[in-house]
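Me: Hi! Could you walk me through this protein model in plain words?
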Amino acid sequence: MEAIKETARKIGNLEIKGARNAALAAVNAIQVFAQQSTAEDKTSFLAELTQIQQLLFNSRETEPLMRNALSYLIGQIQQSSIQKVSELCTLLSVNADKFLYELDASRNYAAEIGAKCIQHEMTIFTHCHSSTATLMLLKAKQDGKNFKVICTETRPTLQGRITACKLAENDIAVTFIVDSASRAYVSKADFVIVGADAITPNGNVVNKIGTSGLAVLAHDVHKPFYVISELLKLDTTTHYNEFENIEQRNPDDIWKDAPQKINVQNPAFDVTPSRYIHNIICEKGLIQPQNVLDITRQFYPWLF
Ligand code: RUB
């Protein structure tokens, strides 16, 4: 349980960043836990898994990929006719490996499809650090495309630097700007690409704070705004128009020791309405955001 608490702590305090990395860490943690479980029967094994699931869920509010991954793995244990704990542990481990393999394949497909949207001499604008959007840019480079990227620093925790360094290491020309310079630079770009933390059933996208403003800017200057994401970031808990919970982070990230009378707020994410999103680039191709629910239901029926 200590290792699980440590993973939850790292996800919560952003030592582990990004939706995908949080999900991978959570799946790895539950896999390791299962191998060490001392539960004597299926009921107590499931009780342990539920406790772990809650701990990890609570580490980050806005991470449906992590929630979907854990719910899938625990659901498979619940539905299994196996009773012996050692066999259930093997089942969980095998399913976790398979899940991670398929998640990787989904990200690769999406990145390959996205890379095809990049033409020679284009300028692409991105925000924050999405491992999926970065992979798409790297694949375009591997395909021999010559293009430039404009990247925001992404206040307050500056994940844009991770993106900029990864691109520069791979000889992609990168221009780094403060977030407030975005308006001038979006108009120089051919399109905007961002990742996603969550997609709601009506096709809205939750991503790093500042994303929705960029989408409105892109719309204003008639530039396509794309989101790249695995379909498993769909958040079915917002199915009946409930609002996505937006994680509030530590105000110290913005202004450490601010005068007490100042109310410093640090929302981690914002919601981009589907009407501003040109396409979601996912493992099944370029889709209209409004179709995300039907397509996800078709390929991942277990999510519903
Ligand atoms: C990261 C962020 C990323 C998404 C998608 O924010 O908003 O765009 O998580 O990333 P934070 P990926 O660093 O605060 O978690 O494509 O890697 O899943």
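Me: What should I know before we start?
Reply: This is a predicted model, where local features need pLDDT of at least 70, side-chain atom pairs count only at pLDDT 80 or more, and totals for chains, interfaces and linings use all residues. Residues are numbered from 1 along each chain as its sequence is written, and side-chain values use heavy atoms, with hydrogens and water left out.

Me: How much area do the two domains bury between them?
Reply: About 2000 Å², with 57% of it on carbon and sulfur atoms. Buried area is the accessible area (1.4 Å probe) that two parts lose on being put together, summed over both. In domain 1, Thr 62, Asn 68 and Arg 107 lose the most area to domain 2, together 28% of what that side buries.

Me: How many salt bridges are there across the interface?
Reply: The rule finds three across the interface of domain 1 and domain 2. A salt bridge is a side-chain nitrogen of Lys or Arg within 4 Å of a carboxyl oxygen of Asp or Glu.

Me: New topic: where is Thr 152?
Reply: Thr 152 is in strand β2 (residues 148-152). Strands (E, at least two residues) and helices (H or I, at least four) are DSSP runs, numbered from the N terminus.

Me: Is Thr 152 buried or exposed, and why?
Reply: Thr 152 counts as buried because its relative accessibility is 0%. The cut-offs are under 20% relative accessible area for buried, over 50% for exposed, and partly exposed in between (1.4 Å probe, protein chains only).

Me: Which side chains does the Thr 152 side chain make polar contacts with?
Reply: One is that of His 127, at 2.7 Å, and another is that of Thr 154, at 3.1 Å. A polar contact is a pair of N or O atoms within 3.5 Å; within protein, one must be able to donate a hydrogen and the other to accept it, and residues adjacent in sequence count only if both atoms are side-chain atoms.

Me: Last one: which residues are buried in helix α9?
Reply: In α9 (residues 211-220), the buried ones include Leu 214 and Leu 217. The buried residues of α9 pack against several elements, among them β1 (123-126) and α8 (182-186). Just after α9, His 222 has a positive phi of about 60°.

Notes
Contact means heavy atoms within 4.5 Å.
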